[in-house]
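Morning, everyone. Please have the sequence and the model open. I'll take the ligand site, then the confidence.

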Amino acid sequence: MIYSYIYSSKTNKAFTLEELLVLQKEAATKNKEHDVTGYLTFKNDIFFQYIEGPEKEIKQLIKNIENDHRHGISNSFILPVREERVFGGWSMRYIDFNSLVEIGFHELLETVFFTIDNQLFSNQEVAKKINRMLLKIADNIND
Ligand SMILES: Cc1cc2nc3c(=O)[nH]c(=O)nc-3n(C[C@H](O)[C@H](O)[C@H](O)COP(=O)(O)O)c2cc1C
């Protein structure tokens with residue numbers, strides 16, 4: 001069974017592209033050791049990240065990420081367990097935000113992240129929307 005988690009966060013310090021790529025590279029190296037996959041994207045001072053993997057590893061990584069003082073979580077969602085990974089080949093892929101906008105990523109931001117708190121959708125509907133978006137990203141962003 002694959003556990004997965006998606007969140008948006010706001011940085012507590014300014015990140016240069018270089019620093020971002022260092023963060024991504026370190027994350028990818030650690031994720032490879034822990035059998036974790038996913039992607040990370042960044043726009044202005046906001047991170048969006050999706051992680052998936054075995055229960056123990058994902059629970060630990062969520063704790064690490066939530067305690068990381070370089071950012072503060074704004075919205076997060078634990079997805080229902082799944083049979084297979086969505087991003088099997090990506091230890092932690094950095095995706096340029098513009099390429100996500102091209103495939104309609106703003107739809108995820110607007111309809112999902114901004115509506116989790118006020119409960120416009122049930123958790124099941126939110127999970128469905130997020131999963132639809134993840135599959136779109138997996139299908140449209142080339143390796
Ligand atoms: C936006 C963001 C994304 C991160 N993504 C990952 C990740 O995918 N994998 C990971 O191991 N650490 C990631 N980190 C770092 C963790 O918060 C934490 O520093 C790290 O897991 C600690 O690992 P260590 O205990 O082995 O030093 C991320 C940090 C930030 C700010």
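Start with the ligand's surroundings. In this predicted model, 14 residues surround the ligand. The closest are K30, N31, Q49, N64 and D68.

Which elements build that shell? Three of them each supply at least two residues: α1, β3 and α2. On the sequence, α1 covers 17–34, β3 covers 46–53 and α2 covers 55–66. The largest share comes from α1, with 4 residues.

What is the shell made of, by class? It has 7 nonpolar residues, 4 polar ones and 3 charged ones.

Take the side chain of N31. One of its N or O atoms is 2.7 Å from a nitrogen atom of the ligand. Next, Q49. Here an N or O atom of the side chain is 3.0 Å from a nitrogen atom of the ligand. Then D68. A polar atom of the D68 side chain lies 2.7 Å from an oxygen atom of the ligand.

How much of the ligand does the protein cover? On its own, the ligand has 620 Å² of accessible area. The protein covers 75% of that. And where does the ligand sit? In the largest pocket.

Last topic, confidence. The protein chain averages a pLDDT of 90. Of its residues, 92% score at least 70. Where is confidence highest, and where is it lowest? Helix α2 is at the top, at a mean of 98. Recall that α2 supplies at least two residues of the ligand shell. Where pLDDT is low, predicted coordinates should not be read in detail.

That's the tour. Over to you.

Definitions and conventions: Residues numbered from 1 in each chain as written. Predicted model: local features only at pLDDT ≥ 70, side-chain atom pairs only at ≥ 80, totals over all residues. Heavy atoms only, no water. Near = heavy atom within 4 Å. Polar contact = N/O pair within 3.5 Å; in protein donor to acceptor, adjacent residues only side chain to side chain. Areas by Shrake-Rupley, 256 points an atom, 1.4 Å probe, with all protein chains shown as cover. 1 Å grid on protein atoms, 1.4 Å probe; cavity = no way out; pocket = protein on both sides within 12 Å on 5 of 7 lines; lining within 4 Å. Sits in = over half its atoms within 2 Å of the grid points. Nonpolar A, V, L, I, M, F, W, Y, C, P; charged D, E, K, R; others polar. pLDDT = per-residue confidence, 0-100.
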